[in-house]
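Hi everyone, thanks for coming.

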Number of protein chains: 2
Amino acid sequence: MSILVVGSVAFDDITSPSGQMKDLLGGAATYFSLAASYFTDVRVVAVVGEDFTAEHETVMQKRGIDTRGIEHSEGKTFRWGGQYLDNLNEAKTEFTDLNVFEKFQPQIPAAYNDTQFLFLANIHPTLQGEVRRKMNGVRLTGGDTMNFWITGTPKELAETLKNVNILLINDTEAKMLAGGERNLPRAAQKVLAMGPQALVIKHGEYGATIFFREGAFGVGKHPFRAPALPIEEVKDPTGAGDSFAGGFMGYIASQGEINREVLKRALFYGGVMGSFAVERFGTERLQNLTRDEIDERFQIFRELTHLE
Amino acid sequence: MSILVVGSVAFDDITSPSGQMKDLLGGAATYFSLAASYFTDVRVVAVVGEDFTAEHETVMQKRGIDTRGIEHSEGKTFRWGGQYLDNLNEAKTEFTDLNVFEKFQPQIPAAYNDTQFLFLANIHPTLQGEVRRKMNGVRLTGGDTMNFWITGTPKELAETLKNVNILLINDTEAKMLAGGERNLPRAAQKVLAMGPQALVIKHGEYGATIFFREGAFGVGKHPFRAPALPIEEVKDPTGAGDSFAGGFMGYIASQGEINREVLKRALFYGGVMGSFAVERFGTERLQNLTRDEIDERFQIFRELTHLE
């Protein structure tokens, strides 16, 4: 079944211990859609500038991604520069030029109206809310956000969260969203009380945990954790979280039913796609995968914690 | 089979968001031996001062721990004060009074000579090495260390590590011991090249990973990870790592064979004992457990990452 992602397309300048790269095709919607494309049909709503060429669009189209929702606007595409020299787990931003992204008003093509799954990548919560209302018929909505919105637009974010089924954020964001609660399970409960039925907290190299609202997607009071395989080759951590979200949501969209077992597997697939993303600069690794490679790593991740 | 732990017995003053407690019986050897006592026979070599009473010793003896190796010395027991107000994952030391521990010269009672498993808790690596040589007939030696020795006595530590089968340290220590290597799997390979056949890296609330030297304890190139259950009740993180080591080594000592499957289960039991330790101040929770409670949590941890 089809999934629509609404978010940023960008060009990134990245410096990591493995080297320096400029003008890499990036952005949350790009990483998400490439990762999700190995599981299901993907549609994108985003805005780009005149520097985004047919060649760039082909990167997505080659993966079967429907790019009719990418709006071509006058000016430059969103550009971001960051480095990971001190810490591979956290980017130090060097510059952020929003460019055409500053005035992004998501337009949903009529052809996308039958979309069944929606992912609201990290954009202004009011825009997320507007898209969510327009896509009223979706079966399931996933969402992301960041510190900037948690502290800057808390009311708008709270309003949007009421209509997000599964929120995907990291440890720091979860604790911040829970008003500074430092205990993760308690922070999770507070976030779930804001609306989502499930909360995925991403732990970077330690994997991710999904917490459920009582009775949501099945029974049981315990969370579920998918550990990430510790990988030796981390060239560029950019987009790991968005690729995680793409694998997670893409796998869910590929399944007929949505239950806890599906969500657990989706958590593993999220980790798998995140781990591929970081092996090369930009989206290179995500452009050239096979489903066999993905399932092979899924098995490795599974065996990583499997007792006889 | 019996296990001997050599390390500190201490009194701790702890301040955490849950409150403030003074004169708590603590120390690595105490946490380790209480945790291990649920799996196997435990023997302790440590030094205490005149403030360590029969009542304190009874805490261990009630759990069947052989305390004949605890040397009673003139002066005060090792005392440590720390607080976790800013960060539950890392203690801020308020004071360290080594007292009788400063001149600790481990004496092994003759009755301990038939011990089969040895754990060298965090003491001067030269002392660890001496104990290791005296206990030449053990089947397996586990060890711990800390930043202080990694940077202060690297040669002595390197010498000791040659005769440690399984080293248990945390992420920061592993990276430091590997000369500042920031990638965990690569850091692990460097540490394994120093001597140990296996390296357990503890990740705090994210669990622990065991890395194996090629061919050690079985076949396969992949590490194994035991995720910890995110727990809502963290009153006092002190001793979590030592309790982890006690559960890990205690379980191994309780098994006839030492192979990868045993080590994997041991990693889960380590996490289980660490998670119990932090639920109450000091060693309170470790004094009053049942094996049923332990195995119940083992199942919960196992299901935490188990796919159908």
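Let's start at helix α1 of chain A, residues 28–36, which is mostly covered: nine of its nine residues are buried, where buried means under 20% relative accessible area, exposed means over 50%, and partly exposed lies in between, with a 1.4 Å probe and protein chains only. Going along α1(A), the buried residues are A:Ala28, A:Ala29, A:Thr30, A:Tyr31, A:Phe32, A:Ser33, A:Leu34, A:Ala35 and A:Ala36.

A quick word on the ground rules. This is a predicted model, in which local features need pLDDT of at least 70 and side-chain atom pairs count only at pLDDT 80 or more, while totals for chains, interfaces and linings use all residues. Residues are numbered from 1 along each chain as its sequence is written, chains are lettered from A and ligands numbered from 1 in the order in which they are written, and side-chain values use heavy atoms, with hydrogens and water left out.

Now for chain A as a whole. Its secondary structure comes to eleven helices and 13 strands; helices (H or I, at least four residues) and strands (E, at least two) are DSSP runs, numbered from the N terminus. The radius of gyration of chain A is 18 Å, close to the 19 Å that the globule rule gives for 308 residues, so chain A is as compact as a globular protein of that length. That radius is taken over C-alpha atoms, and the rule is 2.2 Å times the number of residues to the power 0.38. Along the principal axes, the C-alpha atoms of chain A fill a box of roughly 50 × 40 × 40 Å.

How much of chain A is buried? Of its 308 residues, 61% count as buried. As for contacts (heavy atoms within 4.5 Å), take those in chain A between residues at least 6 apart in sequence: 64% of them join residues at least 24 apart. Chain A exposes about 12200 Å², with carbon and sulfur atoms supplying 46% of it; accessible areas come from the Shrake-Rupley method with a 1.4 Å probe, and for residues only the protein chains shown count as cover.

On to the interface. The size of an interface is often given as the accessible area lost when the parts come together. Here the area buried between chain B and chain A is about 3500 Å², of which carbon and sulfur atoms give 55%; buried area is the accessible area (1.4 Å probe) that two parts lose on being put together, summed over both. In terms of contacts, 41 residues of chain B meet 41 residues of chain A.

Strand β8(B), residues 117–120, runs parallel to β9(B) and is joined to it by four bridges; two strands pair if DSSP finds at least two bridges between them. One pairing to look for is B:Leu120 with its bridge partner B:Gly143. From β8(B) the chain passes through helix α3(B), residues 125–134, to β9(B), and this β-α-β crossover is right-handed: with the strands pointing away from the viewer, the path from the first strand over the helix to the second runs clockwise. Strand β10(B), residues 166–170, is also parallel to β9(B), joined by two bridges, and there B:Ile166 stands opposite B:Gly142.

B:Ala188 sits in helix α7(B), residues 184–192, and is buried, at a relative accessible area of 0%. Leaving out residues up to four places away in sequence, B:Ala188 touches B:Leu199, B:Ile201 and B:Phe211.

B:Glu279 is in the loop between α9 (260–277) and α10 (284–287) of chain B.

Finally, B:Asp23, in strand β3(B), residues 19–26, has a positive phi near 55° without being a glycine. At 44% relative accessibility, B:Asp23 counts as partly exposed. Thanks, everyone!
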